[in-house]
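Let's take a walk through a protein together, one stop at a time. Have a look at the picture below, and keep it at hand while you read.

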Amino acid sequence: MTPTPEKKKQATKTKQQAAAEDLALDTDLGWAIRMVSSAFRDVATESVADLPGGARAYLVLVALAGGEPPSQLALAKEVSLDRTVMTYLLDDLEAHGLVTRRPDPRDRRARQVLITDTGRTRLGEVRQSLAAAEARLLTDLDEDDAAQLRTLLSRVARTAQRESKAPDEAAC
């Protein structure tokens, strides 16, 4: 049985509607990332405003709180900062008593970076402020959805970090 002209017209209209829905902003990954990034930057900036170095300092403190003290270079790579920027940032954090540096016992030419007790305390305070701001941003998600979003974003972020050029390579 051959479709009637009316059925063909309706099928074409349905395909056009589906194509239009695929192009809608609320289904566009770039738009979603931009909106979330912008909103998060606003709430995060406010939450970390009291840290010397702001959001960059927060990332450094989080990276340091997790375990074995990294070298300055390894830390710069982990948080995707240029090593020169990292040096100035660490100078500032050290001046405020939030981090300390010591020679690496395995390589005396390298310097390990350690978070201080004061740094851990400040990180805890900032994390509480940031958690409240994040909760406002994630208000439309239940706990499971929020946890899944964090997991998925972390996976995508690791992929993006692997795909991006290292800070030192970008200058080449």
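This is a predicted model: local features need pLDDT of at least 70, side-chain atom pairs count only at pLDDT 80 or more; totals for chains, interfaces and linings use all residues.

Residues are numbered from 1 along each chain as its sequence is written, and side-chain values use heavy atoms, with hydrogens and water left out.

Now for the overall plan. The protein chain has 8 helices and 2 strands; helices (H or I, at least four residues) and strands (E, at least two) are DSSP runs, numbered from the N terminus. If you follow the chain from its N terminus, the elements come in the order α-α-α-α-α-β-β-α-α-α. Of its 172 residues, 24% count as buried.

Our first stop is Glu68, in the loop between α3 (54-65) and α4 (72-78). Is Glu68 buried or exposed? Glu68 counts as exposed, because its relative accessibility is 59%. This residue also shows how folding can bring parts of a chain together: Glu68 and Val113 are 45 residues apart in sequence, yet their C-alpha atoms are 9.4 Å apart in space.

Side chains of opposite charge can pair when their charged atoms come close. Such a pair is called a salt bridge when a side-chain nitrogen of Lys or Arg is within 4 Å of a carboxyl oxygen of Asp or Glu. The structure holds 7 salt bridges. One of them joins the side chains of Arg106 and Glu68, at 3.7 Å from N to O. Arg106 lies in the loop between β1 and β2 (107-115) and Glu68 in the loop between α3 and α4, so this pair ties together parts that are 38 residues apart in sequence. Both Arg106 and Glu68 are exposed.

Arg109 pairs with Asp107, and the closest N and O atoms are 3.1 Å apart. Arg109 counts as exposed because its relative accessibility is 75%, whereas Asp107, at 28%, counts as partly exposed. The side chains of Glu134 and Arg150 also meet in a salt bridge, at 2.9 Å from N to O. This pair links distant parts of the chain, with Glu134 in helix α6 and Arg150 in helix α7, 16 residues apart. Glu134 is buried at 17% relative accessibility, while Arg150 is partly exposed with a relative accessible area of 43%. Salt bridges that share partners also join Glu68, Asp104 and Arg106 into one network.

Next, look at strand β1 (residues 99-104), where you will find Arg101. Arg101 has a relative accessible area of 12%, so this residue is buried. Which side chains does Arg101 touch through polar contacts? A polar contact is a pair of N or O atoms within 3.5 Å; within protein, one must be able to donate a hydrogen and the other to accept it, and residues adjacent in sequence count only if both atoms are side-chain atoms. The side chain of Arg101 makes such a contact with that of Asp91, at 2.5 Å, and another with the side chain of Glu94, at 2.8 Å.

Helix α2 (residues 29-47) brings us to Ser47. Ser47 counts as buried because its relative accessibility is 11%. Its side chain reaches the backbone oxygen of Val43 at 2.9 Å and makes a polar contact with the side chain of Ser129, at 3.4 Å. Helix α2 is also the place of Glu46, which is exposed with a relative accessible area of 63%. Glu46 and Val126 are 80 residues apart in sequence and 10.0 Å apart in space, C-alpha to C-alpha.

Our last stop is Asp142, in the loop between α6 (117-137) and α7 (143-163). Asp142 counts as partly exposed because its relative accessibility is 44%.

Conventions. Buried means under 20% relative accessible area, exposed over 50%, partly exposed in between (1.4 Å probe, protein chains only).
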